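Here is a friendly briefing to keep beside you as you look through the model. Please have the sequence and the 3D view open before you read on.

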Amino acid sequence: MTDAVSYTLEGNLGVIRVNNPPVNALSHGVRSGMAEALTTAAEDTSEAVVILCEGRTFIAGADITEFGKPPKPPFLPDLLAQLDNHPKLTVAAIHGTALGGGFETALSCNYRVALASAKVGLPEVKLGLLPGAGGTQRTPRLAGIATAIDLMTSGNPIPAEAALQKGLIDHVARDNLAEEAIAYAKQLVADQAPKRQASAITLTLNESDRELISKARSNLAKKTRGESAPQRIIDCIEASAELDFDAGLKRERELFMACMEDPQSAALRHMFFAERAAAKIDSIDTSVEPAQVQRVGIIGAGTMGGGIAMCFAQAGIQVTLIDMSDEAVTAGISKIKANYDISVKRGRLSQDQVEAIMSQIKSSTHFEDLADADMVIEAVFENLAVKKEVFARLDTICKADAVLASNTSYQSIDDIAAATSRPESVLGMHFFSPANVMKLLEVVKGDKSSDRVIATAMAVGKRIGKTSVLSGMCYGFIGNRMLRPYAREAALCMMEGASPAQIDAAMEQWGMAMGPLAVGDLAGLDIGYKAREQLTDEQKGDPASYCVADRLVQAGRLGQKSGAGYYRYDPETRQRIADPDVDAIIDSCRQELGIAARAVSDEEIVDRLILALANEGARILEEGIAQRASDIDVVYCYGYGFPRHRGGPMHYVQARGLAWAVKRMTEFQQNLNQDNWSIAPLIANNAERGEAL
Ligand code: 3HC
């Protein structure tokens, strides 16, 4: 048929084999090959057609790389109409993951067989899309409204056995999929089984279905705030019952095209490829083998060390958690247990699973117990002298090929490495708090870190379920370095007239998980205060950018932990409440610094904060600290609550136009502060040349 699709007549069966590595995506070659194979099968002596895939998976969806390019026929909906109306009985044989357009292909067959290890799903929502080849119409017809809502709005695949229970597949194969699917198809022919078509089912909504739909709408409005695809999916599900199949398909197509043209989908597709690109280190030869990591030592049993220990233990890696005293170690282990108790209570883990995880964690007060560790991660407090002392001791104890990592947020990896006789074994592994929850891991390359050590940290990150991004060495690495100008602009907007509540609401409305001042309260305002104490006035920068924060700390308002910071916090619900005392502090800072309050619009707040991020991001790129602009987007979406449907700060600015960014920053230069708004040459030059970042 084509290179990607073959067709053979085997006895009374026509067998279509798809072979389009790596994931059998429905590229043009697959669509045209399948269309041709179906035409042949319609006319030959076959009595049934089986669709099988080679390689690691059944079709994992439309080819995302073709999106945004001029479409080439045959189009997927037309191919699936051909499949649905095929004169022969059709059977899909599923292994690996049947996703998106791949699962829609299977749903257009009369019967579906899946290997027990297979999963099926409709993940389009994660790309800002909806299933656009009949999935929204066939799924509710086969499995009901509740399953259709879950499957399509979560985007999470379900195992074969669950799909069988829900009526989405018809048979689970235990061993050899090809053999069992062929035998199953032959049996269907022998039994003269009916040509079942999901499209022929008529669906009506009862009262409880209507309730489910309206509940889903309001839940999604909160959970996926600002995203259009989830609500459009619900529109399609409603259409599956209110319209006939063809009219439902037409509605699905209209809404699919609306999603496709929506900048949200472009942003989410950018994130899909950004996440995968981040795993690739351009400067390291693919022949460099990461070291095997079976035993990990963690130094510091505080919140961070404990969270990191949980990540490793959950991945089945043995952990030795070290602290100075028995009390500290016991407190650390108790905190981990308390976290797992909550997971058991919420039904996320069983008691047995928790016991298995806890059995991976040993504790000790002796560094000597790290002698056989393959990797050690230091998570003691942020003090260079203390960290250097820890690494000097590790140097005398750890085996020669151990990876020695620091979880520092700011300190120089090179200074830490210099405390050892093996700087090539040292690097940064910067986890984000809470470490057992946050997906981001910044792998920080010191001047002397070896390729093998970097490759090992990246591989370990993947194994423990993190999205890892490589960063070069600079103060704050990628993420925290960018946070400084972002926080500066938030503080300046406040001094110029916006209240903390306005700033946080503007940013949250725009899509940030939490506004910048609420984040400050959550992290603790004393952290920045203590860091500023070490700096000269010049290093601290404009007093307007920290005057209020300093005053709050001096008034004992450290943030959530002290019950008050930029807000007061309800002791029970932790709800933030605007506080007139804070307004008074802001007013007195304004008077002291001679700043007159003015109205600051939400639009100005958003533009200033996001452009401050992107401008610093561009400098980070210029300096080679980040490998690529999309890595910065991954850092912000996974570590700082940046909305994925905006695609990260670099994508957002790129998509709005670098010329817009230059124009807006020039206005800020003229109207606000010349120094704060010096435009990164990369943005200025690329805007002029019309090139991407
Ligand atoms: N189109 C194009 N390329 C794809 C792809 C797709 N649908 N799915 C994966 N790839 C590429 C990846 O970019 C990666 O390329 P790289 O090696 O150059 O970086 C390669 O295939 C392997 O992918 P992963 O690294 O993700 O491999 P895993 O084994 O970890 O995961 C997977 C496999 C579960 C299939 C995962 O790739 C995945 O979730 N893919 C996306 C599935 C999806 O979203 N499908 C729906 C598409 S939209 C659609 O179908 C619209 C329809 O309704 C009309």
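P434 is found in the loop that runs between β15 (426-431) and β16 (440-444). The bond joining S433 to P434 is a cis peptide bond, with omega at about -5 degrees. Please keep in mind that this is a predicted model. The points below take you through the backbone, the overall build, the ligand site and a few individual residues.

- As a reminder, most residues other than glycine have a negative phi, and most peptide bonds are trans.
- A cis peptide bond also joins P21 and P22, where omega is about 5 degrees.
- To find P22, look in the loop between β2 (13-18) and α1 (28-43).
- Q192 is not a glycine, yet its phi is positive, near 50 degrees.
- That residue, Q192, is found in the loop between α7 (177-190) and α8 (207-223).
- Is Q192 buried or exposed? Its relative accessibility is 71%, and the cut-off for exposed is over 50%, so Q192 counts as exposed.
- F477 has a positive phi too, about 55 degrees, and F477 is likewise not a glycine.
- F477 is found in helix α18, which covers residues 477-496.
- With a relative accessibility of 0%, F477 counts as buried, whereas Q192 counts as exposed.

**Overall build**

- The chain is divided into domain 1 (5-261), domain 2 (295-471) and domain 3, and domain 3 is made of two stretches, 479-624 and 657-693.
- Between the centres of domain 1 and domain 2, taken over C-alpha atoms, there are 43 Å.
- How many helices and strands does the chain have? The secondary structure comes to 29 helices and 19 strands.
- The radius of gyration of the chain is 28 Å, close to the 26 Å that the globule rule gives for 693 residues, so the chain is as compact as a globular protein of that length.
- Along the principal axes, the C-alpha atoms fill a box of roughly 85 × 60 × 55 Å.
- Of the 693 residues in the chain, 54% count as buried.

**The ligand and its surroundings**

- The ligand is surrounded by 24 residues, and the closest are R56, E104, E124, R276 and K280.
- By type, the residues of this shell divide into 13 nonpolar, five polar and six charged.
- Which elements each supply at least two residues of the shell? They are β5 (97-99), α3 (101-107) and α11 (263-278).
- Helix α11 gives the most to the shell, with three residues.
- A polar side-chain atom of K280 lies 2.5 Å from an oxygen atom of the ligand.
- In the side chain of R276, an N or O atom is 2.7 Å from a ligand oxygen.

**Individual residues and where they sit**

- M482 is found in helix α18, the helix in which F477 is also found.
- At 0% relative accessibility, M482 counts as buried.
- M482 and A523 are 41 residues apart along the chain, and their C-alpha atoms are separated by 16 Å.
- A544 has its place in the loop between α22 (537-540) and α23 (547-554).
- Is A544 buried or exposed? Its relative accessible area is 5%, and buried means under 20%, so A544 is buried.
- The C-alpha atoms of A544 and L593 are separated by 7.2 Å, although these two residues are 49 residues apart along the chain.
- R656 is found in helix α27, which covers residues 648-656.
- The relative accessible area of R656 is 38%, which falls between the 20% and 50% cut-offs, so R656 is partly exposed.
- R656 and A198 are 458 residues apart in sequence, and 42 Å separate their C-alpha atoms in space.

Terms used:
Residues are numbered from 1 along each chain as its sequence is written. This is a predicted model: local features need pLDDT of at least 70, side-chain atom pairs count only at pLDDT 80 or more; totals for chains, interfaces and linings use all residues. Side-chain values use heavy atoms; hydrogens and water are left out. Domain bounds come from an automatic or database domain assignment. A residue is near a molecule or strand if one of its heavy atoms lies within 4 Å of it. A polar contact is a pair of N or O atoms within 3.5 Å; within protein, one must be able to donate a hydrogen and the other to accept it, and residues adjacent in sequence count only if both atoms are side-chain atoms. Helices (H or I, at least four residues) and strands (E, at least two) are DSSP runs, numbered from the N terminus. Ala, Val, Leu, Ile, Met, Phe, Trp, Tyr, Cys and Pro count as nonpolar, Asp, Glu, Lys and Arg as charged, and the others, Gly among them, as polar. The radius of gyration is taken over C-alpha atoms; the globule rule is 2.2 Å times the number of residues to the power 0.38. Buried means under 20% relative accessible area, exposed over 50%, partly exposed in between (1.4 Å probe, protein chains only).
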